[in-house]
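Keep the viewer open and follow along point by point.

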Amino acid sequence: MIARELLGTANIPNEGGELKLYSRTLKGGNEYSIMLGRIELMNSRLSFSEEALATLTHERILPRPEPHILIGGLGMGFTLRTALSGMPADAKISVAELVPAVVDWARGPMASLHEGSLDDPRVDIQIKDVSHIIRNSPAKYDAILLDVDNGPDGLTHDSNEAIYSIAGLKAAHAALKADGILAIWSCAPDDAFARRLGKCRFDVEEIKVRARGDRGAHHVIWLARKR
């Protein structure tokens, strides 16, 4: 067993718990993981499904003039980097991150993962609760990508549950432009949540992807198109 090094800790606002950033040196380079207690929320070797969140959205909204997308949760930056690689020069990508230290880690110990993406002129980083941004942005976004938790259960922060509630999904519907896409990452299926999306006037696709592309755990991405 290769020992891990603790690189940083950060409190989630409103008593949401403590995040810990770890690294360990492997043959292929450093591996990073972000933990909440004993639960691993993110691992730098398991990026495929986070990347798919962006690529699957690209396929459904492009080409559009001056596309504007909102990403909820910076994490290890895989969704942001993939979004940048597929978006045109006139795109705008807003990223809402609740925990300031996650942005600090992106510019510090995990800078190699982010590859300067936070400094791309198309990117706007906001230290805010994504639900607040959604509620105050009527018909603003071509797509909203949510990877703020392990799924609709609100594991890391109680307020995340509100994003996935009927009221939260209706707010996301209102924040999207016509024919916009709400894309949501989850570590597991949730039939009740998929039905909830339909009740909120979305046409829903549910796509299963592997954590490592051709292997690893199955994750779920819901792609909900605004009716």
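1. Start with helix α2, where the buried residues are Phe78, Thr79, Leu80, Thr82, Ala83 and Leu84. Bear in mind throughout that you're looking at a predicted model. What do the buried residues of α2 pack against? Their partners are α1, the strand β4 (39-43), and the strands β5 (68-72), β6 (92-96), β7 and β8.

2. Now look at how α2 sits with α1. Helix α1 covers residues 48-61 and helix α2 covers residues 78-86; their axes are 7 Å apart and meet at an angle of about 30°. Angles under 35 degrees count as roughly parallel, so that is the label for α1 and α2. The contact involves Glu50, Glu51, Leu53, Ala54, Thr55 and His58 on the α1 side, and Phe78, Thr79, Thr82, Ala83 and Gly86 on the α2 side. As for handedness, the crossing of α1 past α2 is right-handed.

3. Next, the sheet. In which order do the seven strands of the open sheet run? Reading across, you get β7-β6-β5-β8-β9-β11-β10, with mixed pairing. The edges are β7 (123-126) and β10 (202-210), each of which pairs on one side only. From one strand to the next, the twist averages 15°.

4. Zoom in on one pair in that sheet. Strand β8 (residues 141-146) runs parallel to its partner β9 (residues 176-186), and five bridges join them. If you want a landmark, find Ile144, which stands opposite Leu182 in β9.

5. Then pick out helix α7, residues 166-175. Which strands does α7 lie across? The answer is β8, β9, β10 and β11 (218-226), and the helix runs at about 135° to β9.

6. Finally, have a look at Glu31, which belongs to strand β3 (residues 29-36). Is Glu31 buried or exposed? Its relative accessibility is 5%, and buried means under 20%, so Glu31 counts as buried. The Glu31 side chain makes a polar contact with the side chain of Arg24 at 2.6 Å, and another with the side chain of Arg45 at 2.4 Å. Leaving aside residues up to four places away in sequence, Glu31 touches Tyr22, Ser23, Arg24, Leu26, Asn43, Ser44 and Arg45.

Methods. Residues numbered from 1 in each chain as written. Predicted model: local features only at pLDDT ≥ 70, side-chain atom pairs only at ≥ 80, totals over all residues. Heavy atoms only, no water. Helix = DSSP H or I, 4+ residues; strand = E, 2+ residues; numbered from the N terminus. Buried < 20%, exposed > 50% of the residue type's maximum accessible area, 1.4 Å probe, protein only. Polar contact = N/O pair within 3.5 Å; in protein donor to acceptor, adjacent residues only side chain to side chain. Contact = heavy atoms within 4.5 Å. Pairing = 2+ DSSP bridges. Axes fitted to C-alpha atoms, helices over the stretch in contact; angles between N-to-C directions. Parallel < 35°, antiparallel > 145°, perpendicular 65-115°, else oblique. Left-handed = near helix turned anticlockwise from the far one by under 90°.
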